[in-house]
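User: Please take a close look at one part of this model, the aromatic side chains. Describe how they are arranged and which parts of the chain they connect.

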Amino acid sequence: MSAQNYKPYVKNYTKQVYKADNQNWSISADKQGILYFANNKGLLEFDGSNWFLNEMPGKAGLRSVYAQEDNKIYVGGYEEFGYWQINNRGEKKYISLSDTLSTNDCHNDEIWKIEKFGGDIYFQSFSTVFVYNGNKIKILEPESAVVF
């Protein structure tokens with residue numbers, strides 16, 4: 001078979017199968033190959049066979065996910081960002097970072113992108129970038145909108 005005729009196998013999963021909302025905004029894979037999706041119903045997880053939904057406090061929807069760190073899955077949504085901490089038994093607990101800010105710092109912001117750079121985690125909305133160094137959050141306010 002030549003490479004030109006190769007068609008990869010693609011399987012479509014419906015929301016009835018993964019039991020969450022039909023909108024998945026972002027995807028990230030951890031070092032073990034587990035896929036994480038920022039879904040309107042929360043953090044959706046797929047291990048290759050099974051789907052799991054990790055609901056956010058207050059049933060908040062998510063727009064972004066970053067799962068490249070050991071034992072942490074960073075997530076962001078409307079006026080909310082933080083991470084899911086995974087313990088040695090595989091259990092997850094959500095830690096909000098936006099709760100550590102004043103009410104106005106994240107007001108009406110939606111976190112659309114999460115990246116790691118220079119050891120820091122960057123949570124990006126259209127008007128603000130929140131930089132988390134593992135201990136504290138620094139707020140960057142660009143002069144114009146940050147698209148991507």
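Analyst: In this predicted model, the charged end of Lys72 lies over the ring of Tyr83, at 4.6 Å from the ring centre (a charge sits over a ring if NZ of Lys or CZ of Arg is within 6 Å of the ring centre and within 35 degrees of the ring normal). Residue numbers start from 1 along each chain as its sequence is written. Local features need pLDDT of at least 70 and side-chain atom pairs pLDDT 80 or more, while totals for chains, interfaces and linings use all residues, and side-chain values rest on heavy atoms, without hydrogens and water.

Tyr83 also belongs to an aromatic cluster, together with Tyr74, Phe81, Phe123, Phe130 and Tyr132. The structure has 14 aromatic pairs (rings of Phe, Tyr and Trp, the last by its six-membered ring, with centres within 6.5 Å; stacked if the planes are under 30 degrees apart, edge-to-face if over 60, tilted otherwise).

One of these pairs joins Trp25 and Trp112 edge-to-face, with 5.4 Å from centre to centre and 75 degrees between the planes. Trp25 is part of strand S1 (residues 24-29), whereas Trp112 is in the loop between strand S8 (92-96) and strand S9 (113-117), so this pair ties together parts that are 87 residues apart in sequence. Trp25 itself is partly exposed, at a relative accessible area of 37% (buried is under 20%, exposed over 50%, partly exposed in between, with a 1.4 Å probe and protein chains only).

Trp84 and Tyr94 make a tilted pair, because their ring centres are 5.5 Å apart and their planes stand at 55 degrees. This pair, too, links distant parts of the chain: Trp84 comes from strand S7 (residues 80-86) and Tyr94 from strand S8, ten residues apart. Trp84 is buried, with a relative accessible area of 6%, and Tyr94 also counts as buried, at 13%. Across the protein, 38% of the 148 residues are buried.

From the N terminus on, the order is α-β-β-β-β-β-β-β-β-β-β-β-β. Along the principal axes, the C-alpha atoms fill a box of roughly 55 × 40 × 30 Å. Among contacts (heavy atoms within 4.5 Å) between residues at least 6 apart in sequence, 35% join residues at least 24 apart.

Methods
Helices (H or I, at least four residues) and strands (E, at least two) are DSSP runs, numbered from the N terminus.
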